[in-house]
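Try each task with the structure open, then walk through the solution.

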Amino acid sequence: MKKHSARVAPLTACNSPVLTLTKVEGDERPADASRVGVGGGSRRTEAEARGEAEGGGGGGGGGGGGGARRLGRRACCRPYCCSAGQLKRALWGWAVVLSVCSSWAGTSQLAKITFRTFDAPFAVTWFATTWNVLFFLLYYAGHAWSSEEKQSPLQRFRECCRFFGDDGLTVKIFFSRMAPFCVLWTLTNYLYLLALKKISATDASALFCCNKAFVFLLSWIVLRDRFMGVRIVAAIFAIAGIVMITYADGFHSHSVIGITLVVASASMSALYKVLFKMLLGSAKYGEAALFLSVLGLFNVTFITCVPLALYFTGVEHWTPFSLIPWEKLCGMAILLLSFNILMNFGIAVTSPTLISVGVVLSVPVNAVTDAYSSDIVFNSVRVIAVLIICLGFLLLLLPEEWDRLALELISRFKVSKKEEAAEERGEPGFAGQSRNKGSRTSTATFAHSF
């Protein structure tokens, strides 16, 4: 059974208050598959060239040239044919994308509804984070169901504890490693939920997309990651979108505070991801699940006193225990947990880039919901600002070798256009002319492919 190894990749991890930790090393498989497709295209091009040469030499008149052209057309269609396995993977990928979009948009909308009767954002943050304890249990259930090597929960736990060091999860590691991450996690969630009380879910979800721009800037400065001009442009787009959304509301104190809270939440999320990569480096699926479960355990053990203190000091007002909207709280916590599971483990069936698209799609979903509930007025400035931020987010999803891939795609497009033009110029009555043109075109294609 092939073991999937996950590593932190701040530039490809999606933005979310749930703070995605992992990226499967096997997620380069789609890229590898594309490279295999390129190589396969080269082999097909060679076979196509031979077929055209043989068809032109053995056929008589226009029949040989027409057969070669038909063979070429059939061969050109082969790269676009997908197998049942590829189709199944594509369907799973889009199912994950839609699930990410719906769970993230549902979390934001349900949080706003919850605050109408339960105005305690920190208590909601604590309650939702507590559900992280279920991570390792859910992971072990999936591992026991799919793995050929059956291990007891204790054996699997001990193996995953090696992530924290040779001594495993010690008391010292529990406090020194988990405390800063738990604080950043809590601040990210709390600031985001607090901002939802002041601005719409559309603005909050769009502004939080700036998280990826902050991750890039921090990784470039702190981790010395590769400089990319397109990502600097994306960061500029993010900053411009923040200013435009603020301008769209007329710089009122209420909206400015909400926008500031979301930007601070995105900054905490970016700091969390970069700090994780710098201190802990990489984690496999089970190790990431254990880390998140320990995070939830730390929250229950040491953060419980904070919402109680806020309640007794009157900072947060709780309704009577019998009137607490438990169905809304549990629904939001389940959606948040589902979103976190999809973000961390959905990459087993699809690529991180496609998952990121699901996060971006949650912005228009929130926009439609807010417009239906009349929570927001969409003027031209706000629409442009949201589009600029989403464009910047998508630019950050470009791979590091995007320029080389773009040049190869353009070159392939030009070659295919030349082949089509050569076939259209070939007349059936002149077999020698058709053979020569087909041969020259195929030779040019063969040389370009290698």
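**Exercise 1**

Which residues in H5 meet which residues in H14? Work out the geometry of the pair as well.

*Solution.* One thing to keep in mind throughout: this is a predicted model.

Step 1: find the helices. H5 covers residues 134–146 and H14 covers residues 326–345.

Step 2: list the contact. From H5 come Leu134, Phe135 and Leu138.

Step 3: The contact of H5 with H14 has six nonpolar residues, one polar and no charged.

Step 4: check the geometry. The axes of H5 and H14 lie 12 Å apart, at an angle of about 55 degrees. An angle between 35 and 65 degrees is neither roughly parallel nor roughly perpendicular, so H5 and H14 are oblique to each other. Their crossing is right-handed.

**Exercise 2**

At what angle do H12 and H14 pack, and which residues make the contact?

*Solution.* Step 1: read off the angle. H12 and H14 pack at about 150 degrees, and their axes are 11 Å apart.

Step 1: name the arrangement. Angles over 145 degrees count as roughly antiparallel, so H12 is roughly antiparallel to H14. The crossing of H12 and H14 is right-handed.

Step 2: pick out the residues. H12 brings Tyr285, Ala289 and Leu292, while H14 brings Asn340, Asn344 and Phe345.

Step 3: look back at Exercise 1.

**Exercise 3**

Is the crossing of H8 and H15 left-handed or right-handed? Describe the rest of the pair too.

*Solution.* Step 1: locate the pair. H8 runs over residues 201–208 and H15 over residues 352–372.

Step 1: take the geometry. Their axes come within 8 Å and cross at roughly 165 degrees. H8 and H15 are therefore roughly antiparallel to each other. The crossing of H8 and H15 is left-handed.

Step 2: go through the contact. On the H8 side you'll find Ala201, Thr202, Ser205 and Ala206; on the H15 side, Val363, Asn366, Ala367 and Asp370. Split by class, the contact of H8 with H15 has four nonpolar, three polar and one charged residues.

**Exercise 4**

How many of the 10 residues of H4 are buried, and what covers them?

*Solution.* Step 1: count. In H4 (residues 121–130), eight of the 10 residues are buried, so H4 is largely enclosed by the rest of the structure.

Step 1: name them. The buried ones in H4 are Pro121, Phe122, Ala123, Val124, Thr125, Phe127, Ala128 and Thr129.

Step 2: look at the cover. The cover over the buried residues of H4 includes H7 (171–196), H12 (285–303), H13 (305–312) and H14.

Step 3: zoom in on one residue of H7. Leucine 194 lies in H7, and, leaving aside neighbours within four places in sequence, leucine 194 is in contact with Pro121 and Leu261. At a relative accessible area of 18%, leucine 194 is itself buried.

**Exercise 5**

Is alanine 266 buried or exposed, and what is alanine 266 in contact with?

*Solution.* Step 1: alanine 266 is found in H11 (residues 253–279). Its relative accessibility is 0%, so alanine 266 counts as buried.

Step 1: outside four places in sequence, alanine 266 is in contact with Phe208, Asn211 and Phe214.

Step 2: lysine 212 lies in H9 (residues 211–222). With 2% relative accessibility, lysine 212 counts as buried. The C-alpha atoms of lysine 212 and serine 269 are separated by 9.2 Å, though the two are 57 residues apart along the chain.

**Exercise 6**

What is the mean pLDDT of the protein, and where does pLDDT stay under 50?

*Solution.* Step 1: the mean pLDDT is 74, and 72% of the residues reach 70 or more.

Step 1: pLDDT stays under 50 over residues 1–80, where the model has 147 contacts beyond four places in sequence. Residues 427–450 are also below 50, with 28 contacts in the model beyond near neighbours in sequence.

Note on methods. Residues numbered from 1 in each chain as written. Predicted model: local features only at pLDDT ≥ 70, side-chain atom pairs only at ≥ 80, totals over all residues. Heavy atoms only, no water. Axes fitted to C-alpha atoms, helices over the stretch in contact; angles between N-to-C directions. Helix = DSSP H or I, 4+ residues; strand = E, 2+ residues; numbered from the N terminus. Parallel < 35°, antiparallel > 145°, perpendicular 65-115°, else oblique. Left-handed = near helix turned anticlockwise from the far one by under 90°. Contact = heavy atoms within 4.5 Å. Nonpolar A, V, L, I, M, F, W, Y, C, P; charged D, E, K, R; others polar. pLDDT = per-residue confidence, 0-100. Buried < 20%, exposed > 50% of the residue type's maximum accessible area, 1.4 Å probe, protein only.
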